[in-house]
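Trainee: I am new to this structure, and I would like to understand what stands behind the words used to describe it. Could we take the terms one at a time?

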Number of protein chains: 2
Amino acid sequence: MPPKIASVASTKYDEHPDSSSRELFVEAAIDAFAETDLGPSDLDAVYVGNFMGDLIEDQGHMGALLADHVGAREAASIRIESACASGGATFRQAVHAVESGAADAVLAGGVEQMSIANIEHVTDALANAADDVYENEQGLTFPGIYALMARRYMHEFGARKEDLAAVSVKNHNNAVENPLAQFQKKLTVDDVLTSKPIATPLVLYDACPVSDGASVVIVVSEAFAAEHSLDTSARVLGTGQSSDAVALQDRATITRTPAAERAAEEAYDEADTAPEDIDVVEVHDCFTIAEILALEALGFYDRGEGTRGAVDGETALDGKLPVNTSGGLLGKGHPVGVTGIGQIVELTKQIDGRHPNQVEGVNAALAHNVGGSGASTTVTILGGE
Amino acid sequence: MPPKIASVASTKYDEHPDSSSRELFVEAAIDAFAETDLGPSDLDAVYVGNFMGDLIEDQGHMGALLADHVGAREAASIRIESACASGGATFRQAVHAVESGAADAVLAGGVEQMSIANIEHVTDALANAADDVYENEQGLTFPGIYALMARRYMHEFGARKEDLAAVSVKNHNNAVENPLAQFQKKLTVDDVLTSKPIATPLVLYDACPVSDGASVVIVVSEAFAAEHSLDTSARVLGTGQSSDAVALQDRATITRTPAAERAAEEAYDEADTAPEDIDVVEVHDCFTIAEILALEALGFYDRGEGTRGAVDGETALDGKLPVNTSGGLLGKGHPVGVTGIGQIVELTKQIDGRHPNQVEGVNAALAHNVGGSGASTTVTILGGE
């Protein structure tokens with residue numbers, strides 16, 4: 001039987017200058033325990049997604065540290081790092097632990113404290129997700145990498161800056177109703193287009209912010225679920241994960257994300273479902289172009305057609321396939337190692353009918369989490385009872 | 001059915017100033033493929049144990065990076081960090097992936113490049129395994145942490161510096177015959193006792209060196225094994241993992257390692273075996289005191305009696321329970337995120353009867369890998385056909 005989700009919780013994503021990673025993680029974990037009869041002693045394992053604790057807080061070994069801080073000192077613990085896909089990868093490892101029989105209950109969480117460092121230090125830390133030899137040392141930063149992808153996409157498919165901006169407008173506007181989101185400010189296409197350039201053709205509102213926060217999901221076996229009162233009816237229908245060259249130059253094209261295509265195929269197969277069965281989606285929109293490429297890789301749009309989602313309103317809250325109802329990384333924020341877990345939190349609420357931007361009749365929900373410029377991708381499909 | 005091991009390989013542990021992590025990892029992987037009919041395209045996943053690539057080489061995202069560099073660009077990939085237990089934790093995640101049915105073949109590897117940084121930087125990086133707030137900021141380094149444990153152990157049980165030195169002598173002497181070992185130099189107790197103090201009561205030869213290297217193990221399902229020619233008859237009989245407070249001050253006593261006791265109990269249970277069934281052991285002797293505490297936690301000696309192993313020759317190559325026939329961390333070296341994988345490499349060779357310090361009639365072999373001063377511990381039990 002596929003694992004179930006027992007509870008989910010998340011801090012607000014924001015700048016939290018007075019909170020360390022351990023404080024943010026504990027805040028989310030306490031909230032995850034609150035609505036169930038589960039406590040730390042029920043956990044067989046604590047898996048932590050974290051990208052840059054070593055670089056920002058001089059703190060590694062976060063698996064054991066945070067297991068202890070949530071009260072599960074004896075649990076098996078690890079930290080998983082797949083750059084900005086750390087959260088999605090952590091969730092998938094928790095699913096494997098339950099499916100293998102090694103654990104009945106795993107707390108899969110993510111935490112990141114980024115804003116206490118200055119922006120140059122954060123930019124340097126983020127660059128660890130790229131190939132240090134072939135990208136960073138040549139002067140590429142992540143806005144530059146995604147700008148190359150956007151520029152090429154615009155060239156190949158005739159997309160306009162307005163088409164990218166429509167993604168940002170949709171996601172920022174979704175964030176307004178989400179109390180966990182970093183931004184609560186409506187934007188227009190003109191607001192986006194007149195924001196300052198960061199790496200042509202991308203402007204400020206094409207990019208997600210620097211964020212701190214933590215999210216937690218408790219994954220349990222069917223047998224464990226039967227014995228406890230759970231806070232949600234969500235279950236894991238399927239997961240997929242694939243990789244790609246880290247350096248952009250090593251890919252056959254930079255306007256496709258094949259790791260996402262493969263991860264999606266694996267997840268659809270395992271869930272015995274197809275793109276047309278999915279009711280709501282969270283994708284990794286670190287930059288506006290990333291959402292467009294994701295919608296194509298996940299099978300929702302043909303290649304070169306992904307801009308239609310936001311431009312034509314098809315991925316809006318009242319569209320045929322609402323995407324990033326949370327606000328996405330653009331509007332909700334992007335604490336880098338947390339995001340993949342945060343997506344599961346949002347989709348679980350959609351399945352339970354308690355999301356601030358609730359979509360009607362959600363039976364299947366999909367999350368897409370990316371590390372680097374596409375070198376690590378996880379796809380997760382959740383369903384209800 | 002328990003997973004099988006298809007192949008193992010390791011670089012020499014040493015200072016490799018001209019090799020990056022990616023070069024070391026590829027060297028080990030090529031060797032692991034060489035003796036089998038397996039190639040990169042057979043791998044469903046590549047899991048990488050690495051502690052300090054972010055800090056030493058400005059390179060995170062090593063899962064995807066190294067999957068690509070070994071030729072398995074499309075595999076699911078993650079990096080796992082549990083400080084110096086990263087290798088053992090990585091191996092255990094690979095076992096879960098196979099047991100869950102998510103993968104038929106996983107390359108579980110470890111890599112570390114430490115020596116290219118100056119020693120102050122390496123000391124700072126290692127300190128990320130401790131609690132930054134409650135240990136590092138108070139001035140504790142790892143030699144200091146283990147010195148506290150050694151001093152207290154000597155006080156409680158009447159152990160002498162000579163008893164600690166006997167561990168170093170045994171392990172250095174074992175390393176002489178191991179071509180993968182960093183040191184090939186016989187030591188006497190007097191050599192150890194007259195080496196320079198590093199944190200009283202510990203002296204230089206009570207401590208492992210700074211090492212670079214990579215080790216790789218390919219873990220496969222029983223069904224996959226039946227279809228391929230494997231290079232080894234080793235199989236995974238059981239694994240265990242547990243955690244503890246990261247900060248030494250938060251433990252009830254510092255002369256026991258309860259996470260190791262729990263991990264061992266879990267592994268013995270799963271393997272349906274007991275300490276007296278084990279024929280050869282690799283323990284995490286980052287400092288001499290650590291081997292003594294490990295032998296007690298694993299059930300081979302009563303509390304306070306662990307010194308007898310080396311002093312009375314019971315853990316020597318010709319003793320009743322040979323321990324660290326590889327040379328251990330003291331003699332073979334300790335590329336921090338690699339060590340737990342390297343232990344599996346050594347024990348697999350013992351099971352196959354092809355170890356440079358071969359023990360006769362090995363049916364069951366145990367590995368013990370520690371992160372920090374005991375906050376993360378994995379125990380693995382391997383058997384033959």
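Mentor: Let us begin with contact, which means heavy atoms within 4.5 Å. This is a predicted model, in which local features need pLDDT of at least 70 and side-chain atom pairs count only at pLDDT 80 or more, while totals for chains, interfaces and linings use all residues. Residues are numbered from 1 along each chain as its sequence is written, chains are lettered from A and ligands numbered from 1 in the order in which they are written, and side-chain values use heavy atoms, with hydrogens and water left out.

Trainee: How do you know what area is buried between domain 1 of chain A and domain 2 of chain A?

Mentor: Buried area is the accessible area (1.4 Å probe) that two parts lose on being put together, summed over both. For these two domains of chain A that comes to about 3,100 Å², with carbon and sulfur atoms giving 60%. On the side of domain 1 of chain A, A:Tyr13, A:Cys84 and A:Arg92 supply 24% of the area buried against domain 2, more than any other three residues.

Trainee: Turning to chain B, why is B:Ile292 called buried?

Mentor: Buried means under 20% relative accessible area, exposed over 50%, and partly exposed in between (1.4 Å probe, protein chains only). B:Ile292 has 0% relative accessibility, and therefore counts as buried. Beyond its neighbours within four places in sequence, B:Ile292 is in contact with residues including B:Tyr153, B:Leu164 and B:Thr307.

Trainee: And what makes helix α3 of chain B largely enclosed by the rest of the structure?

Mentor: Helices (H or I, at least four residues) and strands (E, at least two) are DSSP runs, numbered from the N terminus. In α3 (residues 62-69) of chain B, seven of the eight residues are buried, so the helix is largely enclosed; among them are B:Met62, B:Leu65 and B:Asp68.
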